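I opened a notebook page for this structure.

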Amino acid sequence: MLGWAAAMPFDVPKTNVQSRWDTKVVGSYFPELIKIGRERGITGLYSGLGPTLLRAFPANAALFLGVETGKKFFDQFLWKP
């Protein structure tokens with residue numbers, strides 16, 4: 001959760017640059033970061049944080065479920081002593 005809160009201000013400009021078809025990718029990140037900061041303020045850099053945090057819970061739960069299920073499978077069927 002804290003990781004997304006720390007990463008979101010850097011993720012929003014990246015997403016904006018990637019979603020536009022008419023901009024060059026190289027060299028447009030920092031101007032986009034400054035533009036968002038000037039136009040929408042610091043809270044603009046956190047746009048989308050709510051849905052991202054809501055998505056994080058089920059996504060991480062599915063990840064842990066997959067890892068644990070995989071570990072049990074490999075321990076039971078493949079790495080028998």
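I took helices from DSSP runs (H or I, at least four residues; strands are E, at least two), numbered from the N terminus. I noted that this is a predicted model, where local features need pLDDT of at least 70, side-chain atom pairs count only at pLDDT 80 or more, and totals for chains, interfaces and linings use all residues. Residues are numbered from 1 along each chain as its sequence is written, and side-chain values use heavy atoms, with hydrogens and water left out.

**Entry: Pro 31**

I looked up Pro 31 and found it in helix H2. My cut-offs are under 20% for buried, over 50% for exposed and partly exposed in between (1.4 Å probe, protein chains only). I also checked Pro 31 against Ala 62, 31 residues along the chain: their C-alpha atoms are separated by 37 Å.

**Entry: H1 and H2**

I then turned to helix H1 (residues 2-19) and helix H2 (residues 29-40). They pack at an angle of about 110°, and their axes are 9 Å apart. H1 is therefore roughly perpendicular to H2. For this I used axes fitted as lines to C-alpha atoms, for helices over the stretch in contact, with angles from 0 to 180 degrees between N-to-C directions. Angles under 35 degrees count as roughly parallel, over 145 as roughly antiparallel, 65 to 115 as roughly perpendicular and the rest as oblique.

Which residues of H1 meet H2? I listed Pro 9, Phe 10, Val 12, Pro 13, Lys 14, Asn 16 and Val 17 in H1. Their partners in H2 are Tyr 29, Glu 32, Leu 33, Ile 36 and Arg 40. By class, this contact of H1 with H2 has eight nonpolar, one polar and three charged residues. Contact means heavy atoms within 4.5 Å. Ala, Val, Leu, Ile, Met, Phe, Trp, Tyr, Cys and Pro count as nonpolar, Asp, Glu, Lys and Arg as charged, and the others, Gly among them, as polar.

**Entry: H1 and H3**

Next came H1 with helix H3 (residues 49-78). The angle is about 140° and the axes lie 11 Å apart. H1 and H3 are therefore oblique to each other. I found Trp 4, Ala 5 and Met 8 in H1 meeting Leu 49, Thr 52, Leu 53, Arg 55 and Ala 56 in H3. The contact of H1 with H3 divides into six nonpolar residues, one polar and one charged.

I placed Thr 52 in helix H3. Thr 52 is buried, with a relative accessible area of 12%. Not counting residues up to four places away in sequence, Thr 52 touches Trp 4 and Met 8. Leu 54 is also found in helix H3. Leu 54 is exposed, at a relative accessible area of 65%. Leu 54 and Met 1 are 53 residues apart in sequence and 9.9 Å apart in space, C-alpha to C-alpha.
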